[in-house]
Amino acid sequence: MNLPIHLLAWVIILAFGWIPLVPESVLSVLTTAFFYGSMATAWNIHSLSGAISLGHAAFFGLGAYGFAITASKYGISSWAGMLIGALCAVVYALFWMISINRLRHGSFVLATLVSVEIPRVIIENLDSFTHGSAGIMNLRIPVGIREWYIIMVILAGLLLLIHHQTLFSRLGWGLRAVRDDERTAMAVGVPVEFLRRCTLIVSSFFMGLCGAFYAAMIGFVEPSIVFSLHFSAMPLVLSLFGGREHLYGPLIGGLILYNLDQLLMVPLFPEAHRALYGIAIFITIWFFPKGILAWTKRS
Amino acid sequence: MFYVDQILVQAISLGSLYTLLALGFSLIFGATRVLNLAHGSFVILSGYAAYILGKHYNVGFILGSSLSMLIPLIFLPIIVLISSRSPHPRETISLILTFGLSLVLQNCYMAAFSADYRILYGAPSLYEIPILRVTVSSTQLALIITSMSAVALLFLLFRKTMVGKALRATIQNNEAALLVGIPIKEMRILATGLGCLSAGLAGSLYVRVNYIHPAGDIEVTLIALLITLFAGRGRIRRLLISAWIFAIIETVVSYWWGAKWRDLLSSLFIIAVLLWRGEEIFENSREK
């Protein structure tokens, strides 16, 4: 990894947000692309242990609700509320650990998919505490689009650092062993359960943080929105498309697919534009299963 | 006592529909080893077809159901393609692919039918069964008779015909079926076609008792998944019993605590079944 070049690239990306000539609409699309890229990177940290999750919307939704409830009901500062939101997601990850984390392959995928329903139904039905399906309004915090852009770029950078560790450090090699053959990894002394738990906690924390950021950006939360399949599907699609085993894979997936969605699909098919992400799954798995970054020389 | 009778009638009619929902899912899973997460989308599409035929063209129940049950057959090639062209690890990849298919379909339905909730509700006639002293609505009767007839037909096909026996052999053990000369590719296509037809018939009935909307597929898939996991693949009698048990539990829970807790109940059940026998189910499905 050529560190100075990477750092320079990130400084340029950060500085882009301060250029006054860049229109806010462009920054808004880029901010969301970085947001989805961060989500995908957070998801991939866990998936590198070989566990494919279709249930990260649970962490996302809990992060959003943790922030919404603490900020609107208890008057805690918004930034602390976001942290609490992320911790709520970690608490749910602990539930995963004691219940479904022992499952493998298809069983695990199914269990994660249905585990989104548990917090959603509970939040939907606790009307007095969560306002039920009506959701919670007025959550927008006084931060402009340029600041959000900077926040998202920093979040993406931070997640890339962690992603780098899960790919290339000693821990990363352990994860590779777990992913390829769990029994052999265990036999040679790789702490399989410890690694799976670590990645789950880190992944859920950042997914929850993304949920809290989302609530603060759009200004409201509703169970049907923040626990929707969309937030389980996006990280999976973007990571697969970009390349799950490449440092920049999930982020590049987010930057390409989200922009393609906004610039091409939304004008052409305003109602069905998100079908792109489903189609991307098919194209990726059948034609380039290692992701588009597998085409680059270094990967 | 009155309420217990009524709850049972409701549970039996709902359980019959759930059997049909799960039967399609189970047939596809059994023959192709694909756990089809887009199953709910198939059901919803046929529900939309039945709704349009009934609401806008005043087509009757029998003709409407017969026509709309054919609609999910358009997905037959894609399920066959997913089952034959999924790279390793097949079970996870096929789950991801069918998840992708459900995303595509959900968005297409949104564009085609909007996000409105729809139900094909006709004022039902009420009948009182003299000895049992329970009231049954015409909708409940239609649900029970149609579902049970379809299940009985499939049961007879499986038990009494050579094709049915070949299908059962394919579902139970692909390799052994191939060894005794059963054309398993054709059997897979046939089972998937029958699964699509079951989903289609279930959809045309589902829209008469439940609201359908583009994102409503997940709850249907969850019900089919739960019953199939509980019963095992391709076992019609166990499916029927599991569906009725689940329908009774669901009706009782809905009666006491309200229908809004249903999805929580099914999710907890699925997690419990996966923890209990998930590996066993997938272990069997890993055969080629």
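Analyst: Axes are lines fitted to C-alpha atoms, for helices over the stretch in contact, and angles run from 0 to 180 degrees between N-to-C directions. Helices are DSSP runs (H or I, at least four residues), numbered from the N terminus. This model is predicted: local features need pLDDT of at least 70, side-chain atom pairs count only at pLDDT 80 or more, and totals for chains, interfaces and linings use all residues. Residues are numbered from 1 along each chain as its sequence is written, with chains lettered from A and ligands numbered from 1 in the order in which they are written.

User: At what angle do H2(A) and H14(A) pack?

Analyst: Two packed helices are described by the angle between their axes and the distance between the axes. Here H2 (residues 24–47) and H14 (residues 249–268) of chain A pack at about 140 degrees, axes 7 Å apart. H2(A) is therefore oblique to H14(A) (under 35 degrees is roughly parallel, over 145 roughly antiparallel, 65 to 115 roughly perpendicular, the rest oblique).

User: Which residues of H2(A) and H14(A) make the contact?

Analyst: Contact needs C-beta atoms, placed from the backbone, within 7 Å. H2(A) contributes residues including Val29(A), Tyr36(A) and Asn44(A), and H14(A) residues including Pro250(A), Tyr258(A) and Gln262(A). The contact residues of this pair divide into eight nonpolar, eight polar and no charged.

User: How do H3(A) and H4(A) cross?

Analyst: H3 (residues 56–73) and H4 (residues 78–98) of chain A cross at roughly 140 degrees, their axes coming within 7 Å. H3(A) is therefore oblique to H4(A). Phe59(A) and Phe67(A) are among the H3(A) residues in this contact, Met82(A) and Tyr92(A) among those of H4(A).

Technical notes:
Helix = DSSP H or I, 4+ residues; strand = E, 2+ residues; numbered from the N terminus. Contact = placed C-beta atoms within 7 Å. Nonpolar A, V, L, I, M, F, W, Y, C, P; charged D, E, K, R; others polar.
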